[in-house]
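This report describes how the parts of a protein model meet one another. The sequence and the structure are shown first, and the contacts are then taken up in turn.

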Amino acid sequence: MRALAPGELEHSRECGLTKVLTVGVDSGSNTTKVAVMRNGTIIGSGVTFTGYSAEKSWKRLLEDVLSDLGVDMSSVGRIVSTGYGRNVVGIADKAITEITCHAAGAHFLDSSIRSIIDVGGQDSKFIALDGNGRVENFAMNDKCAAGTGRFLEVMARALEVDLDKFGEISLQSENPARISSLCTVFAESEVVSLISKGESRENIIAGIHEAIASRITSMINRVGVRCPVLMAGGVAKNIGVVKALERELGADIKVLETAQVNGAIGAAVLAAAIEG
Amino acid sequence: MSADKKTKTGHKKTKAGERLTKIMTDYYVDLHKGANKGKFVVWGAIIIPAELLKGFDSVVFAVPESHAATRAAKALGPMQCEKAEQMSYSMDLCSYARIDIGTAFDGGKGSPTFGLPKPDLLISNNNNCSLLVKWFDVYHREWGTPHFILDVPFCYESQKKKDLNYIIDQYHDLIRILEEMTGEKLDMEKVQEALNYTNEALKHWKRFISFAANRPSGITAFDSFVQMAPILTMRGTPELAEHFKFLADETEERVEAGIFPIPNERYRLLWDNIAPWHQLRKMSSRLAKLGANIVSASYTYCFGSLEGNFDPYHYEGSDPLWALARMQNTTICPTGLGLRCKAMSEAIERIGIDGVVFASNRSCKVYSLMQMDQQKYISEKCGIPTVMIDVDHADVRKYSEENAFLRIEALLESIGARRAGA
Ligand code: SF4
């Protein structure tokens, strides 16, 4: 992501160019993400918790991101919304699903990408792209929370460990525990019983990562993995899940710094492509 | 004014829509009246040979599955399901069964048709699923009602002659039992007459659903779902034949006059599974806003077609038992994956389908079990985008609108992107 050069926007205005920014808003079940684009470059982004009001969250976040860039809504042209709350972003010119937005985001950031694993708070998706970055096929988890960020949150609570530390801790495990239940509630009881048996935290957490990776891999196999693979979504920050997935898939997984805002970036890219 | 009446699908009710309400009301009224006058009440599964029952003047026919669908469409599904669940029937059972058991043991309370009159004979079959047999067995156990089970062999290729004869043999047993129980002799001429009415009705049904091939489509699958009620309950009657003629004629007139349910149709979809009864209006109007129309559905071909073919079968011979046995292996159940794929891919081609929505149904495992393989086959063979969504046909508690629409909208975007890239 390139930062905005000092005076860049002012320069545009002086040249009579207003509404020079395009914006992507990804209103997810757990977090809301915003990305701002200008002249084919992403110049700003942000993440916040969605909380009770999806509408308040995206509005506040967008204002913050714009104010960090030293601009306001008057500089914003097209907006595309995505995510579960895509229809609550009233000012958006278009609502587009996360599937298409993730594909656009990944293709924009690295045009060689052919598969995307997106694990978010409420669902997990696998998207296969054709050579032009278009969605060729996709699969999503069914109603069950297993294989999603929510599964990890529940486990973190049971273990009283900060979710951000999960990845690091799991790397110290030598013998991952076996979590066999696919159901989140049953898996939580399994974790509680492992704790009471004195199993180490690192082994339990590594076991949780293996369980989630195996669940996601069966979803991926419905479509078929193709390389290079990019991982997006908040869970991509968890190195333990990424490593477990690489082992299960037998493939390397790229994780970009922008993993969590990939969908919002895609939305901003698609906003820039809207004609008229 | 009648012209302003809205249908479940959100658009103006057609005359055939109004007519349907009337004939279904008459059917339920006649059913209850007949039972009150001491007629012999048969409860049957949807695909049993209803025409055979028309050979007995003293018999009236009730269809628990269709009755359950009516309640689900009127948003009464969860309430009735809960009644069954409180009686310890598992939530994993088919929602039709839970709705029906819940209503039957509550004396029809909460049913818009006041339930069904108590049966004298239960006739089920295992064409569709074995759950249905167990469901009917509940009434057999609780009320002591005799239960006749038709065993229909599964087929992976065209129905075998020995299987057809095996079904005919069972029909003879059924006839004997009905004659003994009703004290009436079967009139085979009336069975033939009933079969002729069904044939006539299916001819018009085929005309009606064929308007899906028109661009824009002359129908939505949601209209077809609703219009299916009499196929399930009134087979073998002149009323059914007349109604479907009216339906097809009216649709033809509308198409000729340029009246289409989704005039700005941009996406033509096919639906695979039972109708989502609790979502008819919501789903069709949300799709309409996106310029999408589910123009056709495998479910609307589930009666009267033969294995491996979506089109209703037209029988021209004079052996009613043969014809009724032949029609036991329909397009959907009980047929193997190869036949289902063949029927669907031909229909996709004929109707001009842009994408398929495979609705994985929590209740109906038999319909859903093969869908993943079928989805793969159709995507590869027909080269069109497909999607799998989670539904339950009659229990809204197992359905998430946003989850379903995320997938459906992604399907539409895929169709759009392919067009843009083509
Ligand atoms: S499970 Fe399917 S086939 Fe069986 S009764 Fe229910 S809806 Fe019918």
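## Domains of chain B

In this predicted model, chain B is divided into domain 1, residues 16–156, and domain 2, residues 190–421. The centres of the two domains, taken over C-alpha atoms, are 23 Å apart.

## Contact between the two domains

Within chain B, 45 residues of domain 1 are in contact with 49 residues of domain 2. About 3,900 Å² is buried between these domains, and carbon and sulfur atoms give 62% of that area. On the side of domain 1, A16(B), R19(B) and E51(B) supply 17% of the buried area, more than any other three residues.

Five salt bridges are found across this domain interface, and 19 residue pairs are in polar contact. Several helices contribute to the domain 1 side, among them α2 (50–53) and α5 (95–104) of chain B. The most is given by α1(B), with seven residues. This side comprises 29 nonpolar, eight polar and eight charged residues.

## Contact between the chains

Chain B also meets chain A: 19 residues of chain B are in contact with 20 residues of chain A. The two chains bury about 1,600 Å² between them, 50% of it on carbon and sulfur atoms. In chain B, the residues that lose the most area to chain A are L406(B), R407(B) and E413(B), together 33% of what that side buries.

One salt bridge is found across this interface. E409(B) forms a salt bridge with R86(A), with the closest N and O atoms 3.1 Å apart. Both β8 (386–391) and α17 (401–421) of chain B supply at least two residues of the side that touches chain A, and α17(B) gives the most, with twelve residues.

Notes. Residues numbered from 1 in each chain as written. Chains lettered and ligands numbered in written order. Predicted model: local features only at pLDDT ≥ 70, side-chain atom pairs only at ≥ 80, totals over all residues. Heavy atoms only, no water. Contact = heavy atoms within 4.5 Å. Buried area = accessible area lost by both parts, 1.4 Å probe. Salt bridge = Lys/Arg side-chain N within 4 Å of Asp/Glu carboxyl O. Helix = DSSP H or I, 4+ residues; strand = E, 2+ residues; numbered from the N terminus. Domains from an automatic or database assignment. Polar contact = N/O pair within 3.5 Å; in protein donor to acceptor, adjacent residues only side chain to side chain. Nonpolar A, V, L, I, M, F, W, Y, C, P; charged D, E, K, R; others polar.
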